[in-house]
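Hello,

Here is the structure I promised to pass on. My notes follow below it.

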Amino acid sequence: MSAANVWTIGSVRAALDVKKISARELADDFYSRIKNRNPELNAFLALSPERAYAQADKIDALRGQGQAHLPLAGVPVAIKDVISTSGVRTTCGSRILENYVPPYDATAVERLENAGAVILGKTNCDEFAMGSSNENSAYGPVVNPCAPGRVPGGSSGGSAAAVASGLAVAALGTDTGGSIRQPGACCGIPAMMGSYGRVSRYGLIAFASSLDRIGPLTTTVRDTATMLQVIAGRDKNDSTSAAAPVPAYSEEMEKPVTGIRLGIPKQYFGAGMDPEVRRKVEAGIDLLKRLGCQLVELQMPHTDYAIATYYIIATAEASSNLARFDGVRYGLRVPGATLREMYKKTRGRGFGAEVKRRIMLGTYALSSGYYGAYYLRAQKVRALIARDFSEAFQRVDAIVTPTAPTPAFKLGEKMQDPLQMYLADIYTVTGSLAGIPGISVPCGKTVEGLPVGMQILGPHFSESRVLQLAYAFEGAGGFSI
Amino acid sequence: MKITREDVLYVAELAHLELTEAEVDLYRNQLDSILTYIEKLKELDVENVEPMAQVLFDASAPSGNAPPLAGDLNPALRDDVLRPCTVGEAILSGAPDASKNYFRVPKVIDR
């Protein structure tokens, strides 16, 4: 990513303010970047120029009248393809929704547009957000812009690649077990999920409803804060969205980090971690210490059970949520002589390998005779993992870990072994299960030049503190440590 | 191997998935190795642990019905009032086989 390529929300605003560029010209510029780079990266699945230019013209007209600033006026953004966009094809990276055009906007999309954002299009992702490499998309993998031949992470791989390569200023992703944070780490950009309930899920096509969250991927922590500010808050259309007030993140994050107690859980630095990732994250932690944070060693004894727990709960919820794709109301229909045969053929051909695998696993875990041994047990272990966190947060204010055990792996490397792919989420599923907020921030690069990510987790609704640490880390040069 | 071919076919039937022969073999092997990994959950004593079904409730409290974590984070239910639905036509126009106000499917009732 060259410096000339990089726009931030702040630099867009400044350029519009001095009339160096119009919102329409900026949208034009981004569409020409996409035209140049997307054939190679495959980050976008659909573009929405009609909608983008209409919005850009509206922003230009408002500015001509000297209207007050909108926080995202004219900012070109991309939306992960599992998030509904009215009139713009939304496939979830699946053949089963190849021609699906939602009749309404997700609340997060509506809020972005109300804040002035220009929606460029929809980004590639693992099918129904199931994957850690973006290779499970029915429309082909995304290439990591920082490392050709390697995955961008997943499932929000298209959003991460688009932002990291300057094809969008910011993007929305979704995180169920690490799908925002891990691609952020792989592509070297900040990427955040708020607490469960912080951002409305209305219009997010569901994978696992007790885990799914929408959040931003950006190039700076300030942009992360601005994006989160816009999309967070209670929504009457999502009964699980929280009524807790949304603080002014951009102001809160500027507070000094001196005296903040940081937990370093031993279980996140064990076997299986790449030595270069370890070295970089330890250097990152050392930097936070030099900034005045206090380090506290932690034990989180149930960490090792998180992947097993996650892959029962997430697949059980997915098997239920994805039952709606049956060829009746939307998407693909493969004809059959009977209704049942039509369901089976439609789903058999419409879903890809990983989605079918997870539906099978979830159905098995919920089936008669196995419910207690798998699903109920997993829900109990989930409580133990959440308890590890609530106990830890009595002693510390935030927890710092690596985001992923390795940097971006090679395309194809883990495709034959689903379990190895699942283990890429080993440090991110815990925060997902506990429902707490987390950010991945860039933390230097390996000798080969592959980005490393450091994860900061906080208690429920402590987004301000998570951002505060990330912002201080960025300001002290942590991103290129 | 814990998972039999019959298990795979049974689960596929429950999930309404038509599988090819190759898929049956593949999923049998893969589900077997994933479920073997998941067996590790049996190492833990969860006898007196309440299952966590709600994120915004305190998991460390003795009962799963404990009060919300902090303040009024648990949103109130909305009033049960009618609201107009304006997307009916758009929804039907995206359906694979719609007729007037209906989705058409293969015949399910014999008369």
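G453(A) counts as buried because it has 33 C-beta neighbours inside 10 Å. The cut-offs: 20 or more other C-beta atoms within 10 Å means buried, 12 or fewer exposed, in between partly exposed, with C-beta atoms placed from the backbone. This is a predicted model, where local features need pLDDT of at least 70 and side-chain atom pairs pLDDT 80 or more, while totals for chains, interfaces and linings use all residues. Residues are numbered from 1 along each chain as its sequence is written, and chains are lettered from A, ligands numbered from 1, in the order written.

G453(A) sits in strand β11 of chain A, residues 451-457. Strands (E, at least two residues) and helices (H or I, at least four) are DSSP runs numbered from the N terminus. Among the residues that G453(A) touches are G184(A), T403(A) and C443(A); contact means C-beta atoms, placed from the backbone, within 7 Å. C186(A) is 267 residues away from G453(A) in sequence, yet their C-alpha atoms are 7.1 Å apart.

Now the two chains. Their contact takes 60 residues from chain A and 45 from chain B. On the chain B side, α2(B) gives the most, with seven residues. That side has 33 nonpolar, six polar and six charged residues. Nonpolar covers Ala, Val, Leu, Ile, Met, Phe, Trp, Tyr, Cys and Pro; charged is Asp, Glu, Lys and Arg; the others, Gly among them, are polar.

One helix pair to look at: M360(A), T363(A) and Y364(A) in α12(A) meet V11(B), A12(B) and L14(B) in α1(B). Five of these contact residues are nonpolar, one is polar and none is charged.

Best wishes

Note on methods
Two residues are in contact if their C-beta atoms, placed from the backbone, lie within 7 Å. Lists of a residue's contacts leave out its neighbours within four places in sequence.
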